[in-house]
Amino acid sequence: MRMVANEFEGLLSSLAIAARSYKKAVNDELSHHGITMRQWRVIKCLCSEDNIAIGRLAERLRIKAPTLVGVLSRMSRNGLVTLVASRSDRRVKRVRLSSRGRGLCAVGTACEQRVEVEVLSGLSDVEVLQL
């Protein structure tokens, strides 16, 4: 039983290393376009559901709202999003992509795809299917 646990721990460790490597590679790609991985996650979410309340966006991104507010403030200063008070409840702020932010939807997706192709290029078709 201990051997299985060790193999499982090894797998989890390998997955964590792979996730960090992937994140770094995508972040490097995104940096050429002036955005970070965290900003890309926000943009990607807003590409599919724009004009969303900050609290809902935080839930979708699985981060705390106060953390997200800091990210959104920087993104707003950089012209990527606009923050608008809700018409029905002034306490609620909604987030919208600016035209510049919307333009990054395809760019960010292309960055992710380039990294994915690079990562998978070292694997056989069978190994890719096993993933």
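Residues count as buried under 20% relative accessible area, as exposed over 50%, and as partly exposed in between, with a 1.4 Å probe and protein chains only. The model is predicted, and local features need pLDDT of at least 70, side-chain atom pairs count only at pLDDT 80 or more, while totals for chains, interfaces and linings use all residues. Residues are numbered from 1 along each chain as its sequence is written, and side-chain values use heavy atoms, with hydrogens and water left out.

**Positive patch**
- Lys23, Arg38, Arg41, Arg74 and Arg77 gather in a patch of positive charge on the surface, where patch residues have over 30% relative accessible area and no salt bridge, and like charges are joined within 9 Å.
- Two or more residues of the positive patch come from each of α2 (37-48) and α4 (65-77).
- Arg74, which lies in helix α4, counts as partly exposed because its relative accessibility is 41%.

**Nonpolar patch**
- Leu11, Leu12 and Leu15 form a nonpolar surface patch with about 280 Å² of accessible area together, nonpolar side chains being joined within 5 Å.
- Leu11 belongs to helix α1 (residues 2-31) and is partly exposed, with a relative accessible area of 45%.

**Sheet**
- Three strands make an open sheet in the order β1-β3-β2 with antiparallel pairing, where two strands pair if DSSP finds at least two bridges between them.
- The edge strands, each pairing on one side only, are β1 (52-53) and β2 (81-85).
- Strand β2 is joined by five bridges to the antiparallel β3 (residues 93-97), and Thr82 stands opposite Arg96 in β3.
- Strands (E, at least two residues) and helices (H or I, at least four) are DSSP runs, numbered from the N terminus.

Terms used. Accessible areas come from the Shrake-Rupley method with a 1.4 Å probe; for residues, only the protein chains shown count as cover. A salt bridge is a side-chain nitrogen of Lys or Arg within 4 Å of a carboxyl oxygen of Asp or Glu. Lys and Arg count as positive and Asp and Glu as negative; His and the chain ends are not counted. The place of a charge is taken as NZ of Lys, CZ of Arg, CG of Asp or CD of Glu.
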